Every structure is written in structure tokens, then in C-alpha cells.
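Subject: Model for your files

Hello,

Please find the structure below, with the sequence. My notes on its rings and backbone follow.

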Amino acid sequence: QVTLVESGGGFVQAGESLRLACVVSGRTAMSTDVGWFRQAPGKAREFVAAVSWSGKSTYYEDFAKGRFTISRDNTKNSVFLQMNGLKPEDTAVYYCAADSFAMLIRYNLFHDDLESWGQGTQVTVSS
């Protein structure tokens, strides 16, 4: 089991950027695949992007491709989500979660109960 804590959310104008951080702690923290998810008001939680424990494999939901970049720095026990060109429709609470890479990327299909979730960080994009 790992613990995840997100930070970096905020209020920005459309077109601006934010960088979210997820600090991962626990005995298996650096061997854990991690994903970012988001939940907008009145909508289901959805997958955004995932990165393998080594950082060598990444996967993005279609809306995130070309605008968002997921990365990790295992020396800092952290996973990042760089979000550029933000749009009002990106407004949501953003969560990081830990589980196997396969479980993370299939979340939108099966909404599996993932191993660990953070508490979330609010991102608001104004037009």
C-alpha cells in the first residue's frame, strides 16, 4: 500500500499552464505505476494519463495527448502532470492513483477499485 498526496492545483486563465505533483510514499512507492485522473462537477471520474514505475512507459487519454505530459522523478518520490493550453473544460478535481499500469489505463472501461488514491487537487480554468 502507498500513500499519495497531490499539489499544484489552482485558478488559471484559458491557455495557461499548470504543473501538478503527486508525492508517493510507502514501502513500494518507487515500484508502483501511477496515474492521473480527474472528476468534473456532475461527471464521472475519468483517466487522464499513466506512467510506469520506471518512467519508460506512458499512456494518455485522447483529450490529453499533445497538451498534457506525465513524468516522474523517483529521486523525489514524485509524479508530475504538466498541463499546457488549459481549457475551461479541463476544470476538475485532479487525483493521482497507484495500481498496475494495465489497471490504470483501463479505468474508463471498468472503473476498477484502484489500490490507492490521493485526496485530489482542484484545477479551475476560466474563459
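I start with the backbone. Asparagine 77 is placed in the loop between strand E7 (68-73) and strand E8 (78-83); helices (H or I, at least four residues) and strands (E, at least two) are DSSP runs, numbered from the N terminus. This is a predicted model, in which local features need pLDDT of at least 70 and side-chain atom pairs count only at pLDDT 80 or more, while totals for chains, interfaces and linings use all residues. Residues are numbered from 1 along each chain as its sequence is written, and side-chain values use heavy atoms, with hydrogens and water left out.

Most residues other than glycine have a negative phi. Asparagine 77 is not a glycine, yet has a positive phi of about 50 degrees. Its relative accessible area is 31%, so asparagine 77 is partly exposed (buried means under 20% relative accessible area, exposed over 50%, partly exposed in between, with a 1.4 Å probe and protein chains only). Histidine 111 also has a positive phi, near 45 degrees. Histidine 111 lies in the loop between helix H2 (107-110) and E10, and is partly exposed at 40% relative accessible area.

Next, the aromatic rings. Rings of Phe, Tyr and Trp (its six-membered ring) pair if their centres lie within 6.5 Å; planes under 30 degrees apart count as stacked, over 60 as edge-to-face and the rest as tilted. By this rule there are seven aromatic pairs. In one of them, phenylalanine 63 and phenylalanine 68 have ring centres 6.3 Å apart and planes at 85 degrees, so the pair is edge-to-face. Phenylalanine 68 is buried, with a relative accessible area of 3%, whereas phenylalanine 63 is partly exposed at 24%.

Tyrosine 95 and tryptophan 117 form an edge-to-face pair, with 6.3 Å from centre to centre and 90 degrees between the planes. Tyrosine 95 is in strand E9 (residues 92-99) and tryptophan 117 in strand E10 (residues 116-117), so this pair ties together parts that are 22 residues apart in sequence. Tyrosine 95 is buried at 12% relative accessibility; tryptophan 117 is partly exposed at 26%.

Finally, charges over rings (NZ of Lys or CZ of Arg within 6 Å of the ring centre and within 35 degrees of the ring normal). The charged end of arginine 45 sits over the ring of tyrosine 95, 3.9 Å from its centre. For arginine 106, the charged end sits over the ring of phenylalanine 110, 4.6 Å from the ring's centre.

Regards
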